[in-house]
Amino acid sequence: MKVILGLGCDRDTSTATVQSAVEQALALAGLDKRAVAGLATIDKKSDETAILELAQMYGWPLQFFSAQQLARVDVPNPSETVRKYMGTPAVAEAAALLAANATMSALLLEKHKYRGEDGKNATVSIVNLRE
């Protein structure tokens, strides 16, 4: 099985926090890093060091989507806080679904929230990439 990880995080989240969030999410889904086919997030995170470093570290392709694109995706966990700051009710779930070109039935792990030792939050969603 191959999956797409949708990522979201606070601005200037450490790479260690995002990496821990990813590792926890994969473990919850019974997967390991070899299953990851790529990462997806909002275009406002195209300069987020932790996400860029994680993609480079594992050689994972990274896709970015606009708030407008993400806002059109139905997700199980919309957030008014995310909408307020990002212009879309979801980043991690919506980005993963868009990148995988999938419907909600392919969502293996809904928004997994993790707060790192740096006090920053990261979210990870996992979508099955049907080949």
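Reader: Before anything else, what counts as a salt bridge here?
Author: A salt bridge is a side-chain nitrogen of Lys or Arg within 4 Å of a carboxyl oxygen of Asp or Glu. Please keep in mind that this is a predicted model.

Reader: Fine, how many salt bridges does the structure hold?
Author: The structure holds six salt bridges. One of them joins E48 to R11, with the closest N and O atoms 2.9 Å apart.

Reader: And where do E48 and R11 lie?
Author: E48 is in the loop between β2 and α2, while R11 is in the loop between β1 and α1, so the pair ties together parts that are 37 residues apart in sequence.

Reader: What about E23, which residue does it form a salt bridge with?
Author: E23 pairs with K33, and the closest N and O atoms are 3.3 Å apart. This pair links helix α1, where E23 sits, to the loop between α1 and β2, where K33 sits, the two being 10 residues apart. E23 is partly exposed at 36% relative accessibility, and K33 is partly exposed as well, at 29%.

Reader: Which residue does R34 meet in a salt bridge?
Author: The side chain of R34 meets that of D32, at 2.5 Å from N to O.

Reader: Changing topic, which residues of helix α2 are buried?
Author: In helix α2, residues 49-58, the buried ones are A50, I51, L54 and A55. They cover an arc of only 130 degrees around the axis, which puts them on the same side of α2.

Reader: What covers the buried residues of α2?
Author: The covering elements include β1, α1, β2 and β3. Just after the helix, G59 takes a positive phi of about 70 degrees.

Reader: Now the largest pocket, how much space lies in it?
Author: About 490 Å³ of space lies in the largest pocket. Of the 22 residues that line this pocket, C9, D10, V82, N121 and T123 are the closest to its centre.

Reader: Which element gives the largest share of that lining?
Author: Helix α4 does, with four residues. By class, the lining of the largest pocket has 10 nonpolar, six polar and six charged residues.

Reader: Last one, where is N128 placed?
Author: N128 belongs to strand β5, residues 121-128, and is buried at 16% relative accessible area. Leaving out residues up to four places away in sequence, N128 touches M1, K2, V3, A100, A102, A106 and L108.

Technical notes:
Residues numbered from 1 in each chain as written. Predicted model: local features only at pLDDT ≥ 70, side-chain atom pairs only at ≥ 80, totals over all residues. Heavy atoms only, no water. Buried < 20%, exposed > 50% of the residue type's maximum accessible area, 1.4 Å probe, protein only. Contact = heavy atoms within 4.5 Å. 1 Å grid on protein atoms, 1.4 Å probe; cavity = no way out; pocket = protein on both sides within 12 Å on 5 of 7 lines; lining within 4 Å. Points joined across faces, edges and corners; volume = space filled by probe spheres on them. Nonpolar A, V, L, I, M, F, W, Y, C, P; charged D, E, K, R; others polar. Arc of directions from axis to C-beta.
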